[in-house]
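Here is a short report on one protein model.

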Amino acid sequence: VEMVQDETSGYDALWPASEYCKQIFEQRSRQTGLAGYKTADIFSSPMVVMSWPQVTDALTRRGMVRSQDGALYINDMPKLLKMIEDRTKWKDVDSAVAMIYGAVNTKSTDPTKSNSGATLMGLYAGIMNGGDPPTVQQLEPLLKRLKAIAERGGMQEASSGDIFSHALSQGVGAY
């Protein structure tokens, strides 16, 4: 998000992380008179959730995570979101994760500054809206719930790389 809002002169290419970010760049370009640029959708990456084996094993036993072709997939995001909103304690999820203090949660980057965080909140908003992306009018009543989830994650990092680094250094339970 910040990339398309910062000064872009001197760059040969930008890689906005979403259609929304591309629109921010295009709007800013029109306002500043920047012309001659091209946009293209080069690739699309999946949302990746980093976790620990104890956690994924426990969620697999609850039917929320499945293994396919060597990768793990969250196959019941509504159930995960319910656990987050209900503040389900890890000790109540599975005895193998009882040592993790606190409630089930996801930690993301700041959704106001990072596409990763905005994408996760967008996913949650869609789930809260019955599986459909909410309109502006439908989003308004969901904002309090989304804000509560974001705030429970604590201080939000600026980049996914920072979260990954902290998770590796601080271990299961901290991240």
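The sections below go from basis to fold to contact.

## Basis

This is a predicted model: local features need pLDDT of at least 70, side-chain atom pairs count only at pLDDT 80 or more, and totals for chains, interfaces and linings use all residues. Residues are numbered from 1 along each chain as its sequence is written, and side-chain values use heavy atoms, with hydrogens and water left out.

## Overall build

The protein has nine helices and two strands. These are DSSP runs, numbered from the N terminus: helices are H or I of at least four residues, strands E of at least two. Along the sequence the order is α-α-α-β-β-α-α-α-α-α-α.

The C-alpha atoms fill a box of roughly 60 × 40 × 35 Å along the principal axes. Of contacts (heavy atoms within 4.5 Å) between residues at least 6 apart in sequence, 46% join residues at least 24 apart.

## Surface and burial

The accessible surface is about 11,500 Å² (Shrake-Rupley method, 1.4 Å probe). Carbon and sulfur atoms account for 53% of that surface. Of the 175 residues, 29% are buried, meaning under 20% relative accessible area with a 1.4 Å probe, protein chains only.

## Helix 4 against helix 6

Helix 4 spans residues 77–85 and helix 6 spans residues 115–128. Their axes come within 10 Å and cross at roughly 100°. Axes are lines fitted to C-alpha atoms over the stretch in contact, with angles from 0 to 180 degrees between N-to-C directions. The two helices are therefore roughly perpendicular, a label for angles of 65 to 115 degrees.

Helix 4 contributes M77, P78, L81, I84 and E85 to the contact; helix 6 contributes L123, Y124, I127 and M128. Eight of these residues are nonpolar, none is polar and one is charged. Nonpolar covers Ala, Val, Leu, Ile, Met, Phe, Trp, Tyr, Cys and Pro; charged covers Asp, Glu, Lys and Arg; the others, Gly among them, are polar.

Notes
Angles under 35 degrees count as roughly parallel, over 145 as roughly antiparallel, 65 to 115 as roughly perpendicular and the rest as oblique. Buried means under 20% relative accessible area, exposed over 50%, partly exposed in between (1.4 Å probe, protein chains only).
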